[in-house]
Amino acid sequence: MADHLINILAIESSCDDTAAAVLSNGKILSNIVATQEVHKQYGGVVPELASRAHQQNIVPVIHQALEMANIDKKDLSAIAFTRGPGLMGSLLVGTSFAKSLAMGLEIPLIEVNHMQAHILAHFIEEEGFDKPEFPFLAMTISGGHTQIVKVSDYFDMEVIGETLDDAVGEAFDKSAKILGLPYPGGPLIDKYAREGDPKAFQFTKPKVDDLNFSFSGFKTAVLYFIQKKTKEDPEFVEKNLKDICASIQYTIIGILMDKMKKAVKKTGIIQVAIGGGVSANSGIRQALVDAEKKWGWKCFIPKFEYTTDNAAMIGIAGYHKYLQKDFADFSVTAQSRYKI
Ligand code: KG4
Ligand code: ZN
């Protein structure tokens, strides 16, 4: 293999997806995700079960990623892995595996911050997708996080707003649970919302200072509304599911876009990117398309496969660290709370 090729194996295991990807000079050769189905029956991720499933999945997933990329272990230049944030037991599986493999192959180890990776996913080489220029604003919206980040360089990021309680993904998932939908309910709310009337029901938006968010009150508002309505008509949810979902989604997107408008005004930066699981939502994607037309923003919407947790984003972050020779010490440990 030619010397100039930088081949990186990336491993992601922060929550309930075991993922591996192989990149060559920043180009994705393979991107494998094993989503753990075991959590569905519990209505949320069970940490202990997630760790065990990672243990089970990690070797086959990495095998598949290497095989699909047609890259032999011997030709790897470095191993990148998610150090945090995430569930400790889950992170430990990927971290320990990455350390052992890098040690065995005698190649550098690269630690990656999962939230930075959600943002850096925009630098994956993809036809038809422009890359943002620095500085830009990024909104990371997932099951565990809701942040507005000012991105000045690949690894020079500043959180300028974040949630004070629940993440936006939780607002989707908990609302879905109230409606009797299975976990994770976010994609189902999105699906039903497409055919519903977003103005059918009104939910008040929380009042939070600056660029911060709060979603715990919203979830309670949905709960009280549904309890009241089902008392009047036990079939209320069944009869109005599409309209309820559309109204919930409309309110959540309104909350996100209000803050994003504020952030653009405050920073004067009009390049706006979204990342994280909730950026798969059709409503938020459309809202950004509209913002380009209405307000002249330049928006960056990730390819679907790079929205929810994946290892390609860990790989691209790892590639840029490799170029900067920013390698981790072998004493590195997983961090469940890991700031950007
Ligand atoms: O980034 P991610 O895969 O994992 C975390 O790091 O949390 O995000 C998962 C979250 C879940 O809350 C899921 O319901 C939400 O992303 N999600 C969606 C959609 N697809 C995934 N929420 C709304 N609409 C979607 N289409
Ligand atoms: Zn994530």
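Select helices H3, H4 (168–178) and H5 (186–193): each supplies at least two residues of the shell around ligand 1. Helices here are DSSP runs (H or I) of at least four residues and strands are E runs of at least two, numbered from the N terminus. The model is predicted: local features need pLDDT of at least 70 and side-chain atom pairs pLDDT 80 or more, whereas totals for chains, interfaces and linings use all residues. Residues are numbered from 1 along each chain as written, chains are lettered from A and ligands numbered from 1 in written order, and side-chain values use heavy atoms, without hydrogens or water.

Next, display ligand 1, which 19 residues surround (a heavy atom within 4 Å); among the closest are Asp 173 and Asn 281. Oxygen atoms of the ligand lie 2.8 Å from a polar backbone atom of Gly 143 and 3.2 Å from a backbone N or O atom of Gly 144. The protein buries 89% of the 560 Å² that ligand 1 exposes when taken alone (Shrake-Rupley, 1.4 Å probe).

Move to the zinc ion, ligand 2. His 114 (NE2), His 118 (NE2) and Asp 309 (OD) coordinate the ion at 2.1 to 2.2 Å; donors are N, O and S atoms within 2.8 Å of the metal (3.2 Å for Na, K and Ca), and the site may look incomplete because water is not among the atoms. His 118 lies in H3 (residues 114–120) and Asp 309 in the loop between strand E10 (298–300) and helix H9 (312–323), so this pair ties together parts 191 residues apart in sequence.

Finally, select Glu 106, which follows H2 and has a positive phi, near 55°.

Terms used. Polar contact = N/O pair within 3.5 Å; in protein donor to acceptor, adjacent residues only side chain to side chain.
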